Amino acid sequence: MIVIENHTGSIRVSKSYLYSLIEHTVISCFGVADLNDSSPLETLMTKLFPADIRRGIKLRTRRNALVIDLHIVTGIGANMNAITDSIRNKVRYAVEQATGFEPAAVNVYIDGIRA
């Protein structure tokens, strides 16, 4: 459960909902081939604790704000700057529209290129 405090009270959103929302948004972006585990440790953690981490997506709170880390694989010949900017904007918009709070940061890491 992610809890964000604001001037009117607190907002509680389940992690599984955010994972599903973010995964759907990222996969639908142009140039994204797949989400990728960031490390072998993340692969293991995904299997052991599926509620805390989903493949390629990490959620955390920092100073009462949501931070989203995304690890993706793109297609060959794609404009990486355009893809990462598009993902940042779409994920920020989707989370803000669905939950009412704006993420503090959306970090996009390109881990591979697929032909």
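Visitor: Is Arg92 buried, partly exposed or exposed, and what is its relative accessible area?

Guide: Arg92 has a relative accessible area of 22%, so Arg92 is partly exposed. Buried would mean under 20%. Keep in mind that this is a predicted model.

Visitor: Which residue forms a salt bridge with Arg92?

Guide: A salt bridge pairs a side-chain nitrogen of Lys or Arg with a carboxyl oxygen of Asp or Glu, within 4 Å. Here the partner of Arg92 is Glu102, with the closest N and O atoms 3.6 Å apart. Arg92 sits in helix α3 and Glu102 in the loop between α3 and β6, so the pair, 10 residues apart, links distant parts of the chain. Glu102 is partly exposed, at 48%.

Visitor: How many salt bridges does the structure hold?

Guide: There are four. Among them is one between Asp85 and Arg88, whose closest N and O atoms are 3.1 Å apart. Asp85 is partly exposed at 41%, and Arg88 is partly exposed at 28%.

Visitor: Where a salt bridge joins Arg60 and Asp69, which residue is buried?

Guide: Asp69 is buried, with a relative accessible area of 6%. Arg60 is partly exposed at 31%. Their closest N and O atoms are 3.1 Å apart.

Visitor: Is Tyr93 buried or exposed?

Guide: Tyr93, in helix α3, has 54% relative accessibility, which counts as exposed, because the cut-off for exposed is over 50%. Sequence and space can also be read together: Tyr93 and Thr25 are 68 residues apart in sequence, and 9.8 Å apart in space from C-alpha to C-alpha.

Note on methods. Residues numbered from 1 in each chain as written. Predicted model: local features only at pLDDT ≥ 70, side-chain atom pairs only at ≥ 80, totals over all residues. Heavy atoms only, no water. Helix = DSSP H or I, 4+ residues; strand = E, 2+ residues; numbered from the N terminus. Buried < 20%, exposed > 50% of the residue type's maximum accessible area, 1.4 Å probe, protein only.
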